[in-house]
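Here's a quick tour to read with the model open beside you. Take it one topic at a time.

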Amino acid sequence: MCRHGTPDGESHPESQQRIKAIWQELESAGVTQRCSVFGAEEVDDKYVSAVHTRKHVDLIRNVSSKLFNSRRKRIAARFNSIYLNEGSSESAFLAAGGVLQLTEKVANGEINSGVAIVRPPGHHAEPDQAMGFCLFNNIAIAANFLLNDRTDLGINKILIVDWDVHHGNGTQKMFWNDPRVLFFSVHRFEFGGFYPAGDDGSHTMTGEGLGAGFNINIPWEHGLCGDADYLSAWDHILIPVAESYNPDIVLISGGFDAAIGDPLGGCCVTPRGYSIMTKKLMRFAQGKIMMALEGGYNLNSLSKSVLACVETLLGETSNLEKVDEQPFESTWRVICKVRRELSTFWPVLAAHLPEKLLVGKGKPHILEDVTLPLSKLNIDKESETRAAHLNDSSRNEPTLLPDRIVSSSIMWRSHLSKVDIWYGTYGSNIWKPRFLCYIQGGQADGMQIPCSGSEDKTLPKDVLWKVVPHQLFFGRSHSKTWGKGGVAFLHPERNDATKTYMCMYRITLEQFNDVLCQENCLKEEMGFPLFDLSALDFVIQNKYILWWRLRYAIQDGWYSNVVYLGNENGFPILTMTCMPKDIEQFKSGQLPLHPPSKDYWHTLSRGLVEGKQLSEEEAVDYLTNATLPIAE
């Protein structure tokens, strides 16, 4: 299976190094000596044809032959995220055969459980096409084999658990109407924007006909989900449903691209998390579990996560039922939606979850979310450059990748338009006519250039004033909007000895993104949000955000730090200011502290006076104090 590769040896995340790294990790830990080791044999065509069309099976069987040398690349290009070479045919049939053989051995009791270290992966492959690095749907071939070819083994109910970070679209379609398979997929969804995109991974996709209710999707709204999020889905959806279903065998589509540090997944599951998930599944089907490798592209986290699962199946773990962190609030939203959707099929999900469970604030691991969409990983010079970047572990800073845009503007805007926040302003935006330029476009008195405005030009739902314990100061020496002079910044750290007047506008999170874009002078079309729900969860927990998601995209922006200032009437208060490192540069003189221009000063004063916060004399004193050095 190491012979399957890109046509000309280009680098690619789904490489032979994946299964080599796993095997080396298992050997180093000594677990291979405690297991039965089987070599894979090619699967018979008839078993593949039971889930794939004859045309597709024939294509994969023959595509590596010399007859296809001149058109192999063109054939691969017809599919979504697929490459083919002289070793692809044999590898595909070996991968499917290995999974089928191992599944049969577990089902007939020859071994207790098993892990199939195979490639190419399978769960994206649909009946008539390869996609997402997958040529044949390995796990579906094995499940169908048990149900229809080895009926003597008494396997009548199969639980397939797909924990790959991407939705198992192919497996879902193959068992959409079949109640003999309970398919459970937990995946990063982002409202249809994350690969493989579309609605297939939605929680509303529950199966049809006799299979209604036997398809369960847990669609994460964002990346950074970790152990606590996954285990919440286990405890409050998967485990109670599996207990009701009582499967005869458990098949795991073991993708490890939700592992911490994975370049395609952007989630934070640890080896311990995978171990706990595996252990929770061992209570079913007398421990008959077969896990087949799917995704996973960080060789270190991939190999260590597989090792953790194998050690768990060997009974080497104990007391692994809990984790210290809390899930994201968005995780509870998803769990509640899924339970409501499926409660008519599974009464166990109709029970109301105690309120004390629904208070997670999320304590995610901190990492740069530089995930790449699979749909863009076609084999060309551009993808070669990207893949080389992924494999270069010496790089600490991400590169701006233009095809990170994994969701359409319509998708994220529609969702974030339903979320209200308070945008706390302390600079020129405290004067309402100036702020409305960011919403409706145009320019107010004193501004030298107009604003483009928000895509949603709806006026703020409410306006409030608030005093916050953060120092106001003026920095920089020139801005495009106001010309010569400093502009307002807020010290991100609280200081009870100071106070700043803040005008708060209740707007949508969609509009807040448009304001962020304009404040940071971004010109490009926003195909993705700068600040989404995962960022909101994170900033509420950590008080400010150092642009873990798009820090590199607006690294030259002056207002690239979002600060959480509590909530008002149930809505979070967000403001934006400079980065903490900028504070030190302002103090040292590397960045200039500078009084505002006459027009900027006048705008601030008008905002304070017309907002009935200060008299004109008091406004002068307040603004004069803000021109003093930054307090230590």
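This is a predicted model: local features need pLDDT of at least 70, side-chain atom pairs count only at pLDDT 80 or more; totals for chains, interfaces and linings use all residues.

Residues are numbered from 1 along each chain as its sequence is written, and side-chain values use heavy atoms, with hydrogens and water left out. Helices (H or I, at least four residues) and strands (E, at least two) are DSSP runs, numbered from the N terminus.

**A covered strand**
- Look at strand E7 (residues 420-425): 6 of its 6 residues are buried (buried means under 20% relative accessible area, exposed over 50%, partly exposed in between, with a 1.4 Å probe and protein chains only).
- Asp420, Trp422 and Gly424 sit on one side of E7, with Ile421, Tyr423 and Thr425 on the other.
- E7 pairs with strand E13 (residues 500-508) in the antiparallel sense over 6 bridges (pairing takes at least two DSSP bridges between two strands), and Gly424 has Met504 as its bridge partner there.
- With strand E16 (residues 571-577), E7 pairs in the parallel sense over 2 bridges; here Trp422 is partnered by Ile573.

**Two packed helices**
- Helix H9 (residues 271-281) packs against helix H10 (residues 299-313) at an angle of about 35 degrees, and their axes are 8 Å apart (axes are lines fitted to C-alpha atoms, for helices over the stretch in contact, and angles run from 0 to 180 degrees between N-to-C directions).
- Among the residues making this contact are Tyr274 and Thr278 of H9, and Ala308 and Thr312 of H10 (contact means heavy atoms within 4.5 Å).

**Salt bridges**
- The structure holds 31 salt bridges (a side-chain nitrogen of Lys or Arg within 4 Å of a carboxyl oxygen of Asp or Glu).
- Arg413 forms one with Asp514, at 2.9 Å from N to O; Arg413 is in helix H13 and Asp514 in helix H15 (residues 509-519), so the pair ties together parts 101 residues apart in sequence.
- Arg413 also bridges to Glu455, with the closest N and O atoms 3.3 Å apart.
- Arg413 is buried, with a relative accessible area of 7%, while Glu455 is exposed at 53%.

**A residue on its own**
- Glu632 lies in the segment after helix H19 (616-625) and counts as exposed, at 80% relative accessibility.
- Glu632 and Asn495 are 137 residues apart in sequence, yet 9.5 Å apart in space, C-alpha to C-alpha.
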